[in-house]
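Biologist: I have a model open and want to learn to read it. Please take me through it feature by feature.

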Amino acid sequence: MGRDDFHGHDLFGNPVPRTRDKAGRPEHVWTKENSNKVNLLFATGHQPRDAAAALGITMPTFRKHYFSELEQWRVASIRLKAKLMAALVSKSEEGSVAASKELFKQIDKGNLTALAKAVKDRRPDEPKARTKMPVLGKKAERKEAAQGVQGKFAPPDPPMLLN
């Protein structure tokens, strides 16, 4: 389809084809603009079916035309973040103080995220095997406590044996 096949854009910026003699819906055409929309949706955490719905196409059509974007959808967020960080670095090197501050914030945030993952995955030291002490009842506890009494209230010494 050439430029003359379209006569404007709809509310969302999609090209509106002229009426055609062929029956059926016109085939979807991959465009750089739509590709950028799809990548941006993926970078912001949307699923492929959401991106297909945003373009107004079915999932089979989406897989047919946006297969390269679909292969990268899980890492789109990281790729976008890397691109934005590179732009921050270049602005910072040009002398932008605001870019430098934002870059330091992003570095601190990354360090905190890495530390949180390290702490989350850390296992506490295994507790040493304890020897189980028998659980005493009230009377046994009091009897044991009475054995340790000293001074005025200490029990008298037993009598001496003669034999």
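Modeller: Start with burial. Buried means under 20% relative accessible area, exposed over 50%, and partly exposed in between, with a 1.4 Å probe and protein chains only. Two cautions come with this file. It is a predicted model, where local features need pLDDT of at least 70, side-chain atom pairs count only at pLDDT 80 or more, and totals for chains, interfaces and linings use all residues. Residues are numbered from 1 along each chain as its sequence is written, and side-chain values use heavy atoms, with hydrogens and water left out.

Biologist: Is Asn34 buried or exposed?

Modeller: Asn34 has 8% relative accessibility, so it counts as buried. Helices (H or I, at least four residues) and strands (E, at least two) are DSSP runs, numbered from the N terminus. Asn34 sits in helix H1.

Biologist: What does Asn34 touch?

Modeller: Contact means heavy atoms within 4.5 Å. Leaving out residues up to four places away in sequence, Asn34 touches Asn14, His28, Val29, Leu55 and Tyr66.

Biologist: How do I read the two sides of a helix?

Modeller: An α-helix has 3.6 residues a turn, so residues three or four places apart point the same way. Now take helix H2, residues 48–55: Pro48, Ala51, Ala52 and Leu55 are buried. They cover an arc of only 100° around the axis, so they lie on the same side of H2. That arc is taken from the directions from the helix axis to the C-beta atoms. Arg49 and Ala53, on the other side of H2, are exposed.

Biologist: What covers the buried residues of H2?

Modeller: The cover includes helix H1 (32–43), helix H3 (59–65) and helix H4 (67–71). After H2 comes Gly56, with a positive phi near 75°.

Biologist: Where does Met59 lie?

Modeller: Met59 is in helix H3. Its relative accessibility is 24%, so Met59 counts as partly exposed. Met59 touches Pro48, Arg49 and Ala52, not counting residues up to four places away in sequence. Met59 and Arg49 are ten residues apart in sequence, and 6.4 Å apart C-alpha to C-alpha.

Biologist: And how do I read a helix pair?

Modeller: Axes are lines fitted to C-alpha atoms, for helices over the stretch in contact, and angles run from 0 to 180 degrees between N-to-C directions. Helix H5 (residues 76–93) packs with helix H6 (residues 97–121) at about 140°, axes 8 Å apart. That makes H5 oblique to H6. Angles under 35 degrees count as roughly parallel, over 145 as roughly antiparallel, 65 to 115 as roughly perpendicular, and the rest as oblique.
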